[in-house]
Each structure stands twice: as C-alpha cells, then as structure tokens.
Amino acid sequence: MHIQANYSLLNHNSFHVDIKSHYYVEVNKQSDILTLRTDFKLASLPWRVIGDGSNLLFTKDFPGLTLRCTFNKIRLVKEDDENVWLTVGAGVKWHDLVLYTVRQNWWGLENLALIPGSVGAAPVQNIGAYGAEAQDVITRVQTLNLFDGQHREFRNSECLFGYRTSIFKQQYVNRLLVYRVTIRLRKLAHGQANLSYEPLKEALKGIEKDKITPMMVFEQVIRIRQSRIPDPCKQGNAGSFFKNPIVSAEYFQTLHEEYPGLPHHKMLDGSYKIPAAWLIEQCGLKGLSQGYAGVSEQHALVLVNLGGATGSELAELSQMVQETVNHQFGIYLEPEVIIL
Ligand SMILES: Cc1cc2nc3c(=O)[nH]c(=O)nc-3n(C[C@H](O)[C@H](O)[C@H](O)COP(=O)(O)OP(=O)(O)OC[C@H]3O[C@@H](n4cnc5c(N)ncnc54)[C@H](O)[C@@H]3O)c2cc1C
C-alpha cells in the first residue's frame, strides 16, 4: 500500500478539476483499513472515499486521507438453469462489467451501458438509466468499516435503495467502504429486453422481441447516449448535474395552466416528475457560460468545464441555474452531483 502526500486528484474526477488531497491511498486488501487506522497521524484526519470521481465536484483541497478501492476481480460464484451470480470488485469499471456480461449473453446490465464510474459506487448511487437501476440486479453489497476494518454484508433489502441514493450514501457515507458487489443476472432464454424507455423501444422496433439480445440493447443504449451526453474525456462533466424535481399534483396543475407544453411523468403517489433539463432550457440557460464553466449546448442538464474551470466556478454556475429556475418556476433543483 502506497500512501501519497499532497496528491492531485486531477485524474480522479470527470470535471477535470485540479485539487489536492493531503494524503491519497489505494486499498486492495481487507486488512489495509486496519493498517491505515493504526497510523496515528492518518487516524486523526478526516477520511473520504472516492471511486472514479464521475459524480463529484471538488471545490477545495481536502485536508485528510482520500481512499480509493481497487479490488478488481469478476467471479462467477453460482449459477442455476435461469440465473448467474457474479461477485465484482469495487474497482472494476462499471462499463467494463456491462460489456463483459452482454458478451456472455446475460440480461440485466445492458440498459446501464456507458455509465462512467466504478462498480463500488453503483450501489452507493443506485445508478440508473433507461428504465433500469442497479438495485434491480444487486443482491449483496460487501463493505469494510473505515473505523475498525470490520466486514459487513448488506442484503438488497438492507441497502435502502432510492432514486440515486442508498444507505451507503446517507447514514454510512465515508464510514463504509464498498469493496465487492454481488449481482444476479438472467440467462439469455430466461430474460428479456427492458424497453420501457421509449427511444430504446423505437430504436429496436421491427425486431421480434424474442430475437433481441442483450448486445443489441447495449449497442443502442451506447448510440443514444453518445448522441446526447458530452463525452467527459473531451469536455469535463459529471452527467446530469441536477435531479429531476418532483412536485405535488396541485402545483403541477398550476404550472401546467401556465405552460401547457410542460413535459411530465405522473408518479404512483399522484405527484409529478418534471425534467430538470426542460426547466433549465425554458430559462434560456442552455449553452450559457460563466468564465470557463458552462451549461452544455448538447444537454441543458449537464454542466461542463470548458477548459480550466475551477470547482468553485462550476459550483457558482450551478447556484445561478438553481436560482434562475427557482425564480421562474418556483422549483428548487437538487444537485445529483456531490459538491465537496
Ligand atoms: C457523462 C456522465 C454520464 C453519467 N450518466 C449517468 C447515468 O446515466 N445514470 C447514473 O446513475 N449516473 C450517471 N452518471 C454519474 C456517475 O457515473 C455515477 O454516479 C457513478 O456511479 C459514479 O461512480 P464513481 O466511481 O465515479 O463514484 P464517485 O463519483 O467517485 O463517488 C460517488 C459517491 O460514491 C461514493 N463511493 C465511491 N466508491 C465507493 C466505494 N467503493 N465505497 C463507498 N463509497 C464509494 C463516494 O464517496 C461518493 O459519495 C454519469 C456521469 C457522467 C460523467
């Protein structure tokens, strides 16, 4: 284990913001946590876990220890006629896992192709896209306590998964390190394509449903995503910056009278989810920039680093977007990106 001091996190965040962590370490054995805890100096500092930094906006240097888990094995641990169970190390890239599973013709991850980041963050964030969420496939999450190194396994029902959240993001943030995740996938003949997302259904129309394979869905998801979301390697970003807000039925009616074209999705409890991108676009903010921080021209929900922006500049832009939307629509946009 190599502890590095005064370490730049420039290559560990998809906004490409250059901030420093006092100390940085990669954890690749269960015993590493205890070893670190016995170091008096490190033990007295704050600790923070990161994955690939694709949902983080760093705004200042961190006066503590940044930990990143690099467990990187994918293992088939069980199978029956219909299912397979895999354990996957937290350090595996999520998209590499998706690619591996679709190549085996297993159903379950194809709609989640091209989401940046690590497997370890997937349960923390309960990542989701195109009608699928990590919680649909995760059966168990294995963790290490950052204070005493103790192992604890969580069953799916104990993870308290919600919209882009979980118990790991709430009460256990920076207290537990996810080091391994168990997922259950369906074999080809025992699963089917999830085409609940309309553009995906449209892309595969004309093909009989039982002829569609996980790879076909995977390829379409990639095509759609590449046409909509700026590539963080070319233009720093963290995907959707804000969550889609949910408003009460009464408030929705009021808004709808004023904006008949208001796109919406009715929730089971009668409330309405409204696309944050539409709200931002209506405020005329799409493509707007402040210094080197901008609202993407491609997708209004994505804030981008136009080159050399600091984390604070991006955070200021996000506040301006929040205030403008709040002023025009009376809706508060909650960040999906974690601002640190
Ligand atoms: C272009 C782009 C598109 C995106 N599209 C989507 C999308 O469609 N759907 C979606 O859900 N997300 C999307 N995201 C957001 C992002 O990819 C996910 O949130 C991803 O899970 C973050 O993974 P990460 O490894 O980068 O985690 P980080 O951003 O480094 O960390 C995220 C959180 O997880 C915690 N964490 C990370 N690893 C661990 C671990 N091993 N143990 C404990 N805690 C940990 C961190 O402390 C932090 O709280 C997108 C991002 C980008 C840049």
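How many bridges pair strand β7 with strand β12, and in which sense? The two strands, residues 83–89 and residues 176–186, pair in the antiparallel sense over seven bridges. Along this pairing, T87 stands opposite T182 of β12. The model described here is predicted.

**The five-stranded sheet**

β7 and β12 belong to an open sheet of five strands. Its order is β6-β7-β12-β10-β11, and the pairing is antiparallel. β6 (74–79) and β11 (151–155) stand at the edges. Each has a single partner strand, so one side of each is left without a neighbour in the sheet. On average, neighbouring strands here are turned by 20 degrees against each other, direction ignored.

**The core**

Strand β12 also matters for the next topic. The largest nonpolar core has 88 residues. L177, V178, V181 and I280 have the most contacts inside it. β12 supplies the largest share of this core, seven residues. In soluble globular proteins, nonpolar side chains tend to be buried together. Take V181 as an example. Leaving aside neighbours within four places in sequence, V181 is in contact with V88, A90, V119, A122, P123, I138 and V141.

**Strand β19 and its partners**

β13 leads on to another strand pairing. β13 and β19 run antiparallel and are joined by three bridges. β18 (residues 293–295) and β19 also run antiparallel, with three bridges between them. A hairpin of six residues joins β18 to β19. Within β19 (residues 302–305), V302 and V304 point one way, while L303 and N305 point the other way. All four are buried.

The table lists residues that stand opposite each other.

| Residue | Opposite residue | Strand of the opposite residue |
|---|---|---|
| T87 | T182 | β12 |
| N237 | V304 | β19 |
| V295 | L303 | β19 |

**An exposed lysine**

Is K205 buried or exposed? K205 counts as exposed because it has 8 C-beta neighbours inside 10 Å. It lies in the loop between α5 (198–203) and α6 (214–228). K205 and L195 are 10 residues apart in sequence and 10.0 Å apart in space, C-alpha to C-alpha.

Key
Residues numbered from 1 in each chain as written. Predicted model: local features only at pLDDT ≥ 70, side-chain atom pairs only at ≥ 80, totals over all residues. Pairing = 2+ DSSP bridges. Axes fitted to C-alpha atoms, helices over the stretch in contact; angles between N-to-C directions. Core = buried A, V, L, I, M, F, W, Y, C linked by C-beta atoms within 7 Å. Buried ≥ 20, exposed ≤ 12 C-beta atoms within 10 Å, placed from the backbone. Contact = placed C-beta atoms within 7 Å.
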